[in-house]
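Please consult the sequence and structure while reading.

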Amino acid sequence: MIAVTIGIGEKYELLAELAAESCRRRTGMQTFVLGAQAMQKHQLAHPHHLKFKMFTEFPKEENILYFDADTIFLRNCSFCQFENKPDLVCVNDLADKGWVTQDARRAGVRPTEYFNSGFFIVNRTHHEKMLAKAEALLATIKSPFKDQTHLNAARAQLKIPVHWLPKEFNWLDFHLTVKPGHNIVIGHMHGMAKRTAEQIRWFYQFWQNPASDFYPRVGRGDAILKRIQTVKQPIGAEVGVLRGTLSAYLLGARPDLHLTMVDPWKQSEAGSRYEQSGSTFGFTKQGTFDQYYATALKRTAFADYRRRVIRARSLEAVPQVANGSLDFAFIDADHTYEGVIEDIRAWLPKLKPHGLLCGHDFEFKQYPKWGVKKAVDEISAELKLSYERDEDFTWFIRLRSA
Ligand SMILES: C[S@@+](CC[C@H](N)C(=O)[O-])C[C@H]1O[C@@H](n2cnc3c(N)ncnc32)[C@H](O)[C@@H]1O
């Protein structure tokens with residue numbers, strides 16, 4: 001069995017190469033990228049249509065594992081047990097999504113029998129005709145999808161049986177949905193081609209690094225990133241860093257960002273405000289904090305020339321940062337009202353005109369001693385500036401010019 005993906009156009013070529021590399025590493029299979037030349041040879045209207053031509057492109061191969069270019073192989077896996085079987089091997093698409101129901105209807109299958117065509121295993125004996133049929137159906141089935149509707153329809157019409165793999169073998173939008181404990185083997189990342197080449201490379205490196213065995217702060221990270229999109233060489237501070245997960249995400253996504261990372265990584269004293277706040281990290285032992293500190297350093301080591309780590313409490317770190325120097329300050333430390341209001345007042349003068357005051361964990365009913373909302377309401381009224389809420393419990397206040 002060989003593995004095949006398609007990469008046409010600058011971003012997709014890069015994605016396909018990185019995806020292919022992850023496939024080789026995790027499966028040991030010979031992995032090929034079909035490119036512009038193959039598309040031209042077959043005079044195809046769309047790169048996806050190369051899926052229909054795989055057995056022509058690899059005339060000596062009997063079994064092919066196909067995956068889209070925005071895929072990443074995260075764990076070691078082997079698929080040889082599926083060679084030459086009558087079943088198409090694939091993963092069900094998100095059956096609970098409206099568009100899946102709609103497209104399944106278009107293809108003439110039930111949503112529970114509708115597969116995602118970003119990953120599947122086929123063999124010449126049993127499935128070559130399915131690929132040909134799908135191509136022929138392009139003429140009769142009108143669909144916004146370039147191949148998925150037609151492949152599903154072809155499979156159903158030819159009554160090809162399916163071997164469903166668990167969703168961990170083609171976890172859709174995994175970079176947005178993965179949580180600790182998920183055991184994802186192959187992930188699919190939509191929207192990658194919109195990112196810069198540098199960001200794409202970073203994503204693959206990040207996910208393949210064994211130290212990155214955690215879920216990234218995509219929600220809160222993107223909420224910050226979209227607000228500093230037009231700022232060149234932004235300078236920011238994260239107050240409360242923990243394992244450096246958000247720091248790593250921000251530094252990776254913005255290769256021109258300089259970030260000050262502030263955290264004492266220190267066990268709280270018994271009866272302290274932080275301990276009483278109910279936060280897990282108010283009870284965390286020193287040994288664990290030392291590990292978190294080491295992890296934060298390791299995770300951000302790729303950007304060590306752009307990070308500044310201050311191992312101190314927020315208020316002790318403040319004098320080490322120049323007034324009016326920051327494009328954003330992200331407050332994510334002691335979540336009590338007193339802790340947040342102190343941090344806000346201390347970090348406010350550090351921001352540039354039009355800088356972004358922001359933070360995390362806006363409102364949590366299960367932590368009655370937290371007071372992020374109260375502090376943000378208060379400062380918003382005082383500054384006569386409204387705040388915005390965004391993904392992942394974030395809040396933002398954009399300052400006016402001085
Ligand atoms: C919720 S975690 C931060 C998560 C991190 N921002 C992220 O997104 O990955 C809270 C962190 O705040 C730190 N912390 C608690 N009190 C602090 C203080 N006074 N100054 C700075 N950091 C503090 C804790 O040590 C802990 O690591």
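The questions and answers below treat this predicted model.

Q: In the open sheet of 7 strands, which strands stand at the edges?
A: The sheet has mixed pairing and the order β12-β11-β10-β13-β14-β16-β15. An edge strand has a single partner strand, so one side of it is left without a neighbour in the sheet. The strands in that position are β12 (307-310) and β15 (388-390).

Q: By how many degrees are neighbouring strands of the sheet of 7 strands turned against each other on average?
A: The strands concerned are those of the open sheet with the order β12-β11-β10-β13-β14-β16-β15.

Q: Which residue of β16 is the bridge partner of Glu388?
A: β15 and strand β16 (residues 394-398) pair over 3 bridges in the antiparallel sense. In β16, the bridge partner of Glu388 is Phe396.

Q: What angle does the direction of α10 make with that of β11?
A: α10 packs on the sheet and touches β10, β11 (258-262) and β12. The direction of α10 makes with that of β11 an angle of about 175°.

Q: Is α14 oblique or roughly parallel to α15?
A: Helix α14 (residues 337-347) packs with helix α15 (residues 372-383) at an angle of about 40°, their axes being 7 Å apart. Angles under 35 degrees count as roughly parallel. The angle of this pair therefore makes the relation of α14 to α15 oblique.

Q: How many charged residues does the contact of α14 with α15 include?
A: α14 passes α15 in a right-handed crossing. On the α14 side the contact is made by Tyr337, Val340, Ile341 and Ile344, and on the α15 side by Val372, Lys374, Ala375, Glu378 and Ile379. By class, 7 of the contact residues are nonpolar and none is polar, while the number of charged residues is 2.

Q: Which elements give two or more residues to the shell around the ligand?
A: There are 19 residues around the ligand, of which Gly240, Leu246, Ser314, Asp332 and Ala333 come nearest. By class, the shell has 10 nonpolar, 3 polar and 6 charged residues. The elements that give two or more residues to it are β10 (235-239) and α10 (245-253).

Q: What is the hand of the crossing of α5 and α6?
A: The axes of helix α5 (residues 124-137) and helix α6 (residues 148-157) come within 8 Å and cross at roughly 125°. The two helices are therefore oblique to each other. Their crossing is right-handed.

Q: How many nonpolar residues does the contact of α5 with α6 have?
A: α5 contributes Met130, Lys133, Ala134 and Leu137 to the contact, and α6 contributes His150, Leu151, Ala153, Ala154, Arg155 and Gln157. By class, the contact has 2 polar and 2 charged residues, and its number of nonpolar residues is 6.

Q: Which residues of α4 make the contact with α6?
A: Helix α4 (residues 98-107) and α6 pack at an angle of about 50°, with their axes 8 Å apart. This makes α4 oblique to α6, and the crossing is right-handed. On the α6 side the contact is made by Gln148, Thr149, Asn152, Ala153 and Ala156, and on the α4 side by Asp103, Arg106 and Ala107.

Q: In β9, which residue is the bridge partner of Thr71?
A: An open sheet of 3 strands has mixed pairing and the order β4-β9-β8. Its edge strands are β4 (71-73) and β8 (171-172), each of which pairs on one side only. β4 pairs with strand β9 (residues 186-188) in the antiparallel sense over 3 bridges. In β9, the bridge partner of Thr71 is His188.

How values were computed
Residues numbered from 1 in each chain as written. Predicted model: local features only at pLDDT ≥ 70, side-chain atom pairs only at ≥ 80, totals over all residues. Axes fitted to C-alpha atoms, helices over the stretch in contact; angles between N-to-C directions. Helix = DSSP H or I, 4+ residues; strand = E, 2+ residues; numbered from the N terminus. Parallel < 35°, antiparallel > 145°, perpendicular 65-115°, else oblique. Left-handed = near helix turned anticlockwise from the far one by under 90°. Contact = placed C-beta atoms within 7 Å. Nonpolar A, V, L, I, M, F, W, Y, C, P; charged D, E, K, R; others polar. Near = placed C-beta within 6 Å. Pairing = 2+ DSSP bridges.
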